[in-house]
Amino acid sequence: MSIEEFISRITTSAHNQPGHLLQYLYEIQYQYSHIPQQAIQLLAEKLSLTEAHIDGVIGFYAFLHGAPRGVYDILVSDSITDHMLGSHQLLDKLCKKLGVTPGVPRDDQRVTVDTTSCTGMCDQGPALLVNGWTITRLDENRIDSIAELIESETAIEQWPEAFFQVEDNIQRRDILLSDDSNNGDALKSLIDKGDETILDQIESSGLRGRGGAGFKTGMKWRFCKQAQADQHYVVCNADEGEPGTFKDRILLNAYADEVFEGMTVCAGVIGATKGYLYLRGEYRFMRAPLEQILHKRREANLLGNSILGKHGFDFDIEIHMGAGAYICGEESSLIESLEGKRGIPRKRPPFPVTHGYQNKPTVVNNVETFMAAALIAIHGADWFRSVGTEESSGTKLLSISGDCEKPGIYEYPFGVSIHDILQDCGATNTQAVQIAGAAGFTIPAAEFDRRIAFEDVSTGGSFMVFNQQRDLLDMVKNFAHFFVHESCGFCTPCRVGSSLMKDLVDKAHSGHAGQYDLDEMQKIGLLMRSASHCGLGATAPNPVLDTLNKFPQIYEKRLKHTSYEPAFDLDAALQDARDITGRDDAGAHIGTES
Amino acid sequence: MSSNKTFKLDGKNIAFEDGDTIMDAALRAGEYIPHLCHNPEFTPHGSCRICVVNANGRQISACTQPAMENMEVDNSSDEIINDRRALLQMLFVEGNHVCPGCEKSGACQLQAVAYYSNMLSPHFTHFFPQRTVDASHADIAIDFNRCILCELCVRASREVDHKNVFAIDGRGINSHLVINSASGKLGDSSFAATDKAAHVCPVGAILPKHTAYDKPIGERLYDKKPISIVGDVAANEQDGER
């Protein structure tokens, strides 16, 4: 098929909408291993967009490329928990076997090996993506096989099925994960009781957003319902990109009906006829099964027109793929991305509840929030309030990984202590827990009596365990690099601050920092926190600020005992001159003692 | 002016209308809040963060925050001045800003705001990025070394010129201005010296050719009075001042 034919096929199926640009680019990327210039020209013409605009969208998303990546595009997950499971060594081994440099396509255009942000497989890592498909539980044997399969040009469909196995790893169930309601129960309840009663139930249940911010779900739905417009939208945020979190993966794999049902309940309440599931690009493997479930729900009249026979209850759901951008987990960036644009967070106000997708009133909720809402519609507010705390009703799904015997998904009533969680997952000799991901909190052992709750330690679900043998500065360094990669670049403090911070963290990590550098990190961190445009920039310095405060020893043991160390390494700067002159004798070096 | 709603800016009462941002109301009242990416002719952007103020205990950008009755806005505490200076220093080290040799020197908003904010050194480690100069257009040159990503040219070309000559590509620290033409060069685009986008750059990134250094030192835009009195580069350019 020619590029013209391919583009013609994908664009007609979605009626030539500029808003679908990102979806078209996603399809083209996986067809051609990049976005060919000709495709950009054709799309620009068809969608009445400029080529520069399309270049800008390609340049924003990590999974889209303007230049060929090779037949096999391999991205090794760069999460700190993958590192702890040996991903660095496996990456080196793979690169050596294939004769490639990370990030650079091999001369024969066969393969690229690179790293990517956490792929959401921390409970079964190290993991990688090959052309977007997830491979888990990497070890030396698996790396050998992958290298052989690539050299023998074996199509990915022919690779051993075991490679692509993704386990749910549910270790503890509570009211959500042990529910055995039938498909359609929540919708029947909505139709029987009426949308006002259901909204009352959601409000009095005390349900708050499960992404971590904790905004009251009932209030969000109420605001959206009250906003006057010819169309309302329901959006499910399944862009779980926070390093260490993977609970949405389990919900969408094993409880997708409940999630879609929650979206449909929301649609009934706010009066929406259209919904989107924004699925992170890393979860490509889940798309087809989810499409299947949507298809079945349409056949069962749980989606579509006159749902369950109720005249005027029309709603359908479309899946929209992300393409490698952590920032799109922020709701206004997610909406921009849904509209096919660069995922730059919007100015607020106005908020999405009044001006969201296509500037229409939009509810954006987390996957877990929608599932909880569906069950509240069935069982009522009191059922939900029967667990949890006064301010944080219900349960929370935690994605536990790192140094513990039983990584996986744990559902706990809110209010559970960190100590109890560590005991359950078989963590011993624990130095620290990183809760709520790279943007979260570093909790030392002295604070393990703290509780998971909006009023204490609030989390979207990431829970990474570090034992006494770990160097926490490795974690800080990993996160600092992560934020440089994931900053959208819109505002000065985050764009520039995250890079300055990364350089200082590297300097501390390599043992070249003095007290002055630590003070600088503190200052830059506080500026990012207060002056950034969105939550990413405001929380990006958290791991540095938290560890400077609570784990000063990890810095001090590598500190130079001077007040000031230059960022400029004179001896390293002479390397070019040494290379040119072919010298490496003592006279070609400047003393690096101390 | 029918409204009698006010908020306080450094203790002074500032009147505002519904829909005003803090910046709108302050500009109308003749109060200066330093800014770079803001130009009252265009949709507020809020990216440079230089107009950071403290409103009711929270730091926000004055150009995007709606004014609210009885709001207490701090535009001059040490904390705000220090933050603003650090943000300016970040912009200076991110690009390659060599004031002594730059033809925009003396009439550059970045430089003028830096003087106004008592910025005496760039403080942070320079990034020294490798960036290019595009001199392909007959009348206008672009020096990417000096671009601060305010997107005023992007907005002007989109909203006023209806040409969409500019866009932003890349992400994070790799974000950069690009030009919509087959070669990516300005000379191949539909850009014209008469475009609005040619007259909104607050720094020395988009420059008219053949007029460099025509104003002697001492007579340049900000030589005699500070930016708080002189106003923005774009506003002065409109009045025929360069």
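1. Let's begin with A:Val235. In this predicted model, A:Val235 touches A:Gly275, A:Tyr276, A:Tyr278, A:Leu334, A:Leu338, A:Tyr357, A:Thr362, A:Val363 and A:Val364, leaving aside residues up to four places away in sequence. Two residues are in contact when their C-beta atoms, placed from the backbone, lie within 7 Å.

2. A word on reading the model. Residues are numbered from 1 along each chain as its sequence is written, and chains are lettered from A and ligands numbered from 1 in the order in which they are written. Because this is a predicted model, local features need pLDDT of at least 70 and side-chain atom pairs count only at pLDDT 80 or more, while totals for chains, interfaces and linings use all residues.

3. Now the core. The largest nonpolar core has 247 residues, and A:Val235, A:Val259 and A:Cys266 touch the most other members. Helix H15 of chain A (residues 367–379) gives the largest share of this core, ten residues. A nonpolar core is a set of buried Ala, Val, Leu, Ile, Met, Phe, Trp, Tyr and Cys residues joined through C-beta atoms within 7 Å. A residue is buried if 20 or more other C-beta atoms lie within 10 Å of its own, exposed if 12 or fewer, and partly exposed in between, with C-beta atoms placed from the backbone. Helices (H or I, at least four residues) and strands (E, at least two) are DSSP runs, numbered from the N terminus.

4. Where do the chains meet? In total, 30 residues of chain A are in contact with 28 residues of chain B. On the chain A side, helix H4 (51–60), helix H18 (472–486), helix H19 (492–509) and helix H20 (515–531) each supply at least two residues. H19(A) gives the most, with eight residues. By class, this side has 13 nonpolar, twelve polar and five charged residues. Here Ala, Val, Leu, Ile, Met, Phe, Trp, Tyr, Cys and Pro count as nonpolar, Asp, Glu, Lys and Arg as charged, and the others, Gly among them, as polar.

5. On to chain B, which has six helices and ten strands. Its radius of gyration is 18 Å, close to the 18 Å that the globule rule gives for 242 residues, so chain B is as compact as a globular protein of that length. That radius is taken over C-alpha atoms, and the rule is 2.2 Å times the number of residues to the power 0.38. Buried residues make up 46% of the 242 residues in chain B.

6. The domain assignment (bounds from an automatic or database assignment) gives chain B domain 1 (5–76) and domain 2 (102–237). The C-alpha centres of these two domains of chain B lie 24 Å apart. Their contact takes eleven residues from domain 1 and 18 residues from domain 2. The domain 1 side has seven nonpolar, four polar and no charged residues.

7. Back in chain A, look at helix H1 (residues 3–13), where A:Ile10 is found. Is A:Ile10 buried or partly exposed? A:Ile10 counts as partly exposed because it has 18 C-beta neighbours inside 10 Å. Leaving aside residues up to four places away in sequence, A:Ile10 touches A:Tyr24 and A:Glu27.

8. H2(A) is mostly covered, with nine of its twelve residues buried. The helix is followed by A:Ser33, whose phi is positive, near 65°.
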